[in-house]
Amino acid sequence: DGLWHKKFTDVPFTGKVDEGTARGEIKNGIFEGPWVGYWPNGRVEFKGTFKNGLFEGPWVWYSEDGTKWEPLSGTYRNGEKISD
């Protein structure tokens with residue numbers, strides 16, 4: 001159903017994600033607020049904010065070598081890229 005759930009339940013998860021390759025918050029099973037993701041080599045893969053589970057505001061994506069990845073980087077509204 002597109003929601004994140006508590007392990008082994010049907011209850012939508014609410015809380016911080018602070019292990020693995022991404023850091024941020026989930027509220028009622030949906031990504032919310034600032035998030036940052038990391039490549040396996042420890043470099044940043046992406047930085048941005050979710051609102052109601054959708055990309056919102058500025059997002060920056062990076063290649064594994066640390067260079068900015070232009071095709072996805074830009075400003076988003078309601079999950080859609082509206083400008084570079």
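Reply: Let's start at F46, which is buried because its relative accessible area is 12%; buried means under 20%, exposed over 50% and partly exposed in between, with a 1.4 Å probe and protein chains only. Please keep in mind that this is a predicted model, in which local features need pLDDT of at least 70 and side-chain atom pairs count only at pLDDT 80 or more, while totals for chains, interfaces and linings use all residues. Residues are numbered from 1 along each chain as its sequence is written, and side-chain values use heavy atoms, with hydrogens and water left out.

The model holds 12 aromatic pairs. In F46 and W61, the ring centres are 4.9 Å apart and the planes sit at 40 degrees, so this pair is tilted. For Phe, Tyr and Trp (its six-membered ring), a pair needs centres within 6.5 Å; planes under 30 degrees apart are stacked, over 60 edge-to-face and the rest tilted. F46 belongs to strand β4 (residues 44–51) and W61 to strand β5, so their pair ties together parts 15 residues apart in sequence. Strands here are DSSP runs (E, at least two residues), numbered from the N terminus. W61 is also buried, because its relative accessible area is 13%. The rings of F50 and W59 have centres 5.1 Å apart and planes at 80 degrees, so that pair is edge-to-face, and both F50 and W59 are buried. Ring pairs join F46, F50, W59 and W61 into a cluster with others, among them W4 and Y76.

β4 and β5 pair in the antiparallel sense over 5 bridges, where pairing requires at least two DSSP bridges between two strands. F50 stands opposite F55 in β5. The hairpin of β4 and β5 has 2 residues between the strands, and there N52 takes a positive phi near 55 degrees. On the β3 side, strand β3 (residues 30–38) runs antiparallel to β4, joined by 6 bridges, and V36 has K47 of β4 as its bridge partner. Altogether 7 strands form an open antiparallel sheet, in the order β1-β2-β3-β4-β5-β6-β7. β1 (15–17) and β7 (80–83) stand at the edges with a single partner strand each, so one side of each has no neighbour in the sheet.

S73 counts as buried because its relative accessibility is 2%. Its side chain reaches the backbone nitrogen of W61 at 2.9 Å, and the side chain of S73 also reaches the backbone oxygen of W69 at 2.9 Å. Leaving out residues up to four places away in sequence, S73 touches W59, V60, W61, K68, K81 and D84; contact means heavy atoms within 4.5 Å.

Two of those neighbours, K81 and D84, meet through their side chains in a salt bridge (3.0 Å, N to O), defined as a side-chain nitrogen of Lys or Arg within 4 Å of a carboxyl oxygen of Asp or Glu. K81 counts as partly exposed because its relative accessibility is 31%, whereas D84 is exposed at 77%.

Note on methods: A polar contact is a pair of N or O atoms within 3.5 Å; within protein, one must be able to donate a hydrogen and the other to accept it, and residues adjacent in sequence count only if both atoms are side-chain atoms. Helices (H or I, at least four residues) and strands (E, at least two) are DSSP runs, numbered from the N terminus.
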